[in-house]
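Good morning, and thank you for coming. I would ask you to keep the sequence and the model in view while I speak.

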Amino acid sequence: MTTMAQVICGLARRWCFGALGSPLQVPCLQALPLHLGRTATRASQRDLENAVHQVKLWKKDPGNEVKLKLYALYKQATEGPCNLPKPDMMDLVNKAKWDAWSALGSLPKETARENYVDLVSSLSAASEPPSPAKPAADGEQAGGDLVVTSENHITTITFNRPAKKNAITTKMYQDIMLALQAASKDDSVLTVLTGNGEYYCSGNDLTNFTDIPPGGPEEKARTNAILLREFVDCFIDFPKPLVAVVNGPAVGISVTLLGLFDLVYASDRATFHTPFGPLGLSPEGCSSYTFPKMMGPSKAAEMLIFGRKLTAQEACAQGLVTEVFPDSTFQKEVWTRLRAYTKLPPNAVRTSREVMRSKGRERLHAVNAEECGALQQRWLSEECTSAVVRFLSRRGKL
Ligand SMILES: CCCCC/C=C/CC(=O)SCCNC(=O)CCNC(=O)[C@H](O)C(C)(C)COP(=O)(O)OP(=O)(O)OC[C@H]1O[C@@H](n2cnc3c(N)ncnc32)[C@H](O)[C@@H]1OP(=O)(O)O
């Protein structure tokens, strides 16, 4: 289990050696000597060290807001006002810390120390006594974040991160591409994408934006654009029928990609949401082309620009979904139908699909390239950065 002190220590370390480049000589909090008991009315250096020790014993994560406040107060108490250059806006973690520290302005070191000690003491009073760390639950990641199975001439690729609503990590994008490459060559007739648990998929994992490489945010945006382009290209070029078994809510890229599928079967629990406006993003997955073509420009605009969430029935009425099934019989009905389809003559299936797809393929590649170029810019924008920071800080991920 990660303790609070490890988290704060991690923050301090990342601040010291992160994207800012120059080491800042901030002591790791865990390296401080420990003393117990506050005796004076004004907090002493010893009280501060004692408070740091108490933080180490906290069992519960107090949340991002408190962590940032503690970080800022600690820095102010030990180093005084922040005089570091403002980190790049895409450097989310360091920017949040810089903002928190800078917000303390010229608060005297003594006052910062006192505030730190008081904050820790008020939070400690409310927290539980420490207990030994528990080992991680067995099987939490059973099967990995992506599970690929092949049975009865159907290859199934399952998003398997139910605790994270099946958000897609960078590794999952790569693994999906590998799985599609393998499925294009195996003896399956159909390839299915589905999700394990309550969600089909909550789209791109928003923490994918937080690890900034040495080349900075621009490099991150460039490599993400390359990965996204290759990823979507795999769907455009996939030679067999693609089926989405949408078992629950779908968000972001898991929705836009549906325009490249041949069949989309949805549970009546599923919803379809592309919150690009609120996230400061623009469409991907060729949806800027496939959605207007499928549902008309105005309905597509409502989804892709203004982020209107569709129910499964609405998505079906717009042509995004092939058929909606009651959740209680969804799996049974869909898989029975798919197994029946695998009995069709495979070469005829493949030929029909190729004839239907070949005409639009070049256009789809051009659309994909254009969308990825636009997104590369979007990812570097203040609008997008602020939206990602809002999401991550609400969930204590910074
Ligand atoms: C190579 C780069 C390619 C980039 C391609 C670009 C794609 C664009 C998109 O896909 S945009 C869409 C991005 N997705 C979202 O904006 C969804 C964000 N998530 C949410 O809004 C909500 O989590 C929810 C509505 C999906 C579910 O809400 P609910 O309240 O039911 O559950 P929680 O929020 O508590 O979620 C449970 C845990 O799952 C984590 N999580 C969910 N979605 C994501 C995500 N997309 N990225 C990262 N993490 C996600 C959430 O943080 C919770 O984790 P925790 O339990 O550890 O706190």
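I shall begin with the basis of the model, then take the sheets, and then the helices.

What you see is a predicted model, in which local features need pLDDT of at least 70 and side-chain atom pairs count only at pLDDT 80 or more, while totals for chains, interfaces and linings use all residues. Residues are numbered from 1 along each chain as its sequence is written, and side-chain values use heavy atoms, with hydrogens and water left out.

Let me start with the overall composition. The protein has 15 helices and nine strands; helices (H or I, at least four residues) and strands (E, at least two) are DSSP runs, numbered from the N terminus. Of its 398 residues, 49% count as buried. Buried here means under 20% relative accessible area, exposed means over 50%, and partly exposed lies in between, with a 1.4 Å probe and protein chains only. Taking contacts between residues at least 6 apart in sequence, 73% join residues at least 24 apart, where contact means heavy atoms within 4.5 Å.

In what order do its strands lie? This open sheet has the order 1-2-3-4-6-9, with mixed pairing; two strands pair if DSSP finds at least two bridges between them. At the edges are strand 1 (146–151) and strand 9 (323–325), each of which pairs on one side only. From one strand to the next, the twist averages 20°.

We may follow the pairing along this sheet. Strand 1 and strand 2 are antiparallel, with six bridges, and S150 of the pair stands opposite T155 in strand 2. The hairpin of these two strands has two residues between them, and N152 there takes a positive phi near 50°. Strand 2 is joined to strand 3 by six bridges as well, but here the two strands run parallel. T156 has V192 in strand 3 as its bridge partner. Further along, strand 4 (residues 242–246) and strand 6 (residues 263–267) run parallel and are joined by four bridges, with A244 opposite V264 in strand 6.

Helix 13 (residues 330–341) packs on this sheet and touches strand 2 (154–159), strand 3 (190–195), strand 4, strand 6 and strand 9; its direction makes about 160° with that of strand 6. For such values, axes are lines fitted to C-alpha atoms, for helices over the stretch in contact, and angles run from 0 to 180 degrees between N-to-C directions.

Helix 7 (residues 216–237) packs with helix 14 (residues 346–379) at an angle of about 160°, their axes 9 Å apart. These two helices are therefore roughly antiparallel to each other; angles under 35 degrees count as roughly parallel, over 145 as roughly antiparallel, 65 to 115 as roughly perpendicular and the rest as oblique. Residues of helix 7 in this contact include L228, V232 and F235, and those of helix 14 include L364, C372 and W379. By class, the contact has eleven nonpolar, four polar and six charged residues. Ala, Val, Leu, Ile, Met, Phe, Trp, Tyr, Cys and Pro count as nonpolar, Asp, Glu, Lys and Arg as charged, and the others, Gly among them, as polar.

M177 is buried, with a relative accessible area of 9%. Leaving aside neighbours within four places in sequence, M177 is in contact with L227, E230, F231 and C234.
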